[in-house]
Each structure stands twice: as structure tokens, then as C-alpha cells.
Amino acid sequence: MSLLPELRYPTATELVRSARALAAQWPGVCRLGQVGVSRAGRPLHLLSVGDAPRAVLVVAGAHSNEPAGGPAALAVARRVLAGRELRADTSWHFLLCADPDGASLHVTPAPRSLFDYHLGFFRPAGEEQPEWAPAMLPPDRLPPETRALTGVIDALRPYLQVTLHGTDLGGSWVQLTKDVPGLAEPFLKSAVELHIPVETGASDAAGWPASGPGVHVMPAPGAGAAYPSMPDDARRSTWHHAHQYGGLTAVVEVPMWASDLVDDPAPHPAPEAAMRRLADRLLRQSRAVDGVLAEARPRLVGVGGPLLRAATWGLDLVPGLASDWIHTRPADGTRAYIGSVDAFSRRLPLRAAAMLLRVLRETDDRAAPRLERLVKVWSDAFAERFRARWVPLEHQVEHQARTVVAVARHARGRAD
């Protein structure tokens, strides 16, 4: 599970530098502009290729812990510049990093293990995430990153928005807000060629119909949520904003570490019992983190910030989610789905512990060594259980780039 230093993920600053070089190399065709600022005053950059009214918008960096999207967006931009047919009557626009503040806090550009990855982990609380904020906040309280993103969508009216996401450990999958017939074949072909498993039962798309292996389509507005307690309703996110203009959104997920245990479509022998066991472990591990936080809380008076907010937000999700798993019929009875939920159940307490650990380290709190042991044990157990293997960075980027181009081509026919 090693990663060579020269294959590290680029920083937001390096992405902008590369984009500026492309704009200089292709004057009149390619341009780099600013479309807003973050809460901390960091610029939000949009790289545009062409000026045709038919538009594709590619969004990278919506989640700070999913760093493959930035280099993948630039890879697509280079592909579009090199291939006239891709820009013959279509303009392409790339939001290089939707959350530069978050990107500045996630500090593992070259993780060598899941433990190393979590030592620098950051993912903001839900209402602070640019794409998810509209599902949790009223319009007058939306963060500037969200307003910038929806402003770009309003200006471009894209027939397609593609948002580039990733997972720490698992497989690749696509979520669509409307079906794109024909996408499943090139998506699967790319994954197979690059030795990336396809996550056929992704818990992120629990209850969504599939139009092909790993390609999930958002259910109709009246459909019930698979996890009723969760606040992140995709139908109220920025993913749905393009629908105002007849467009759709594709979310392309790629793993950092792959697991061949998430693509087994065979029926699980006892899915309800498995979900109860996973809920029980989720509760136990979260209580362990809660215990450390409660013990350290008197020493954290006056300490705040995004790391602590995100850790407590994640812990607050656990009771409702565990209840969903215990009392709601599983959205999918396959081994792949149960495996995906297994990974999800490990992530929530591990991420909360990792972010709390950073807070305790920064304050030199005596509880830090105990929490670090938990992060180490849980990270190693996660990797061992799923037989994690590193996906080369160039494969992560290539798979996302291929999928973006495939979605654009197939969605183009849908728009016509």
C-alpha cells in the first residue's frame, strides 16, 4: 500500500498553476477566471475551454478528503483541448476546487497507508460542504462556496454537470440524477482495464435503481430514503440545480485503495442480521470516541474550529443511522451492499476519531495517545478486512477522465 512521493496529489495552488499554464498555452481557446471566494477569502477558480452555449461543467474538490478530482479535471481539460471533436459545439468548464478551505485542512497529499491518510484527515460538517449545504440550510445561510457553484450553474445552464468524488477504500461507481443510457458499458470497460473494482451495491446510492453495474440513478422525488435519519438528500443538493435548465448531474466515484470485496452481486445469506451487527459495532466504536471527547471536553473550553465541528457532527449522525440499519429492511440484500455498509460503518467513527485526534494534538491534550491508538487499530483493521490495495494515482485520474468523457458523449444524445 505504498505511494511514491512523485505520485502525490497536487495541492489546490498547484492545480491553479497548471490551469494557468494551460490558459497561456491555448490563448483564445482556454481561459482561467475567478467565480467567487471561500469563507476564508480563498479564490474559486473556473477553467473554461471554448465558448459554445452548449456547456459541460466539471466540479472537483467538493469534498476535501477526495483529492483525485482536481488532477482528473485537468486531465479532461487537456483531452478536450487535444481533441477538436469534444469541443466542436460544446464548451467545457472546470471548477478546480469547490472547497479550498477544506482542501487546506486535509493534509495527506501522499498517504502511504490508511492510518497515514487519517492522521491528516478533514471533511467538514454537512452544512459546511458546498454541494450538500442546500439540503441542510435555508437559502439565506448558504456558504459562499455554494452560492458560487450555483451561480456558475445558473450562468452556464449546462446540459451536464459532472462532480468528481472519491472513496478511501472500496470500488468505483457513478450516481446519476437522470439516466444516461449506454454509460454502463464504457464505465465498466474502463474500470476493468485499470483493475478498479466496480462497487455494485454502494451504500451512498442505497435504494437507487441501477441502469448497469455500478451505475445508479436517483429515484423519483416521491421515493422514500433508504436511511431516513440522514440529512443529505441528494434531491436538495447542488446536484439537482442543473435540472432547472433541463440538465443532469453525474457523480463519479473512484477509490484510493481498492477492495475486491465490494463487487460481489451474490445474495448475502443473512442481510438483516449482518446489518444489526454492523449497527452494533458502529455504536460501540462511536461511544469509544464519545468517551474520549467527554473526558477531554473540560480541557477544550474555548476550543472550536472546523475539525471539532466536523468530528461532533459525524458522531451525532450515529444513533439515527444505527437505528435505520436495525429497524429498516436492507435496501439491497447482496454481499456487495453489505460490504459497502460495513465500510461505511467503519468510516464514521474512524473519521470522527481522526479529526478529534488532530484537535487533541494541537492542544497537547493527554488523551491524544489513547485516541491515536484507536485510529491506528481501526485503520489497520479496515485495510485488513477489505484486503486493501493501492490504486495508482494515474489510474484513479484516468478512470475519472474516461468516465467524464463517456458521460458527456452519452448525455449529449439525451439532451438532443
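Strands β9 and β10 (389-390) are joined by two bridges and run antiparallel, where strands are DSSP runs of E of at least two residues and helices are runs of H or I of at least four, both numbered from the N terminus; two strands are taken to pair if DSSP finds at least two bridges between them. Within this pairing, Trp390 of β10 is the bridge partner of Trp257. The model is predicted, and local features accordingly need pLDDT of at least 70 and side-chain atom pairs pLDDT 80 or more, whereas totals for chains, interfaces and linings use all residues. Residues are numbered from 1 along each chain as its sequence is written, and side-chain values use heavy atoms, with hydrogens and water left out.

Strand β6 (residues 173-176) is joined to β9 by four bridges in an antiparallel arrangement. Here Trp173 is placed opposite Glu253 of β9.

A further set of pairings involves β2. Because six of the seven residues of this strand (residues 43-49) are buried, β2 is largely enclosed by the rest of the structure. Strand β1 (residues 30-37) runs antiparallel to β2 and is joined to it by seven bridges, with Cys30 opposite Val49 in β2. Five residues lie between the strands of the β1 and β2 hairpin, in which Gly41 takes a positive phi near 90°. Strand β2 is also joined to β4 (residues 91-95), through four bridges and again in the antiparallel sense. In that pairing, Ser48 stands opposite His93 of β4.

On a 1 Å grid over the protein atoms alone, a pocket is an open set of points with protein on both sides within 12 Å along at least five of seven lines, in contrast to a cavity, where a 1.4 Å probe fits but cannot get out; lining residues have an atom within 4 Å of a point. The volume of the second largest pocket is about 510 Å³, a volume being the space filled by probe spheres set on grid points that are joined across faces, edges and corners. Its lining consists of 31 residues, of which Pro10, Thr11, Ala12, Cys97 and Ala103 lie nearest the centre. At least two lining residues each are supplied by α1 (12-25), β2, α2 (69-82) and α3 (100-105). Helix α1 provides the largest share of this lining, with six residues.

Helix α8 (residues 306-327) has 22 residues and should span 32 Å at 1.5 Å a residue, which agrees with the 32 Å between its end C-alpha atoms; the expected span is 1.5 Å times one less than the number of residues. A kink of about 30° is located at Val318, shortly before the proline Pro319, the bend being the angle between axes fitted to the seven residues ending at a residue and the seven starting there. Buried positions of α8 include Leu307, Ala311, Gly314, Val318, Leu321 and Trp325. The buried residues of this helix pack against α7 (271-296) and α9 (335-362), contact meaning heavy atoms within 4.5 Å. Leu321 is 128 residues from Glu193 in sequence, and their C-alpha atoms are 36 Å apart in space. Glu193 belongs to helix α6 (residues 184-193) and is partly exposed, with a relative accessible area of 41%.

In helix α11 (residues 393-415), Val405 counts as buried, at 7% relative accessibility. Val405 touches Arg79 and Leu86, residues up to four places away in sequence not being counted. Its C-alpha atom is separated by 24 Å from that of Ala148, which lies 257 residues away along the chain.

Positive phi values also occur in loops. Arg157, although not a glycine, has a positive phi of about 50°; this residue is found in the loop between α5 (144-156) and β5 (160-170) and counts as exposed at 53% relative accessibility. Arg387, likewise not a glycine, has a positive phi of about 50°. Arg387 is found in the loop between α10 (368-385) and β10, where its relative accessibility of 63% counts as exposed.

Notes: Buried means under 20% relative accessible area, exposed over 50%, partly exposed in between (1.4 Å probe, protein chains only).
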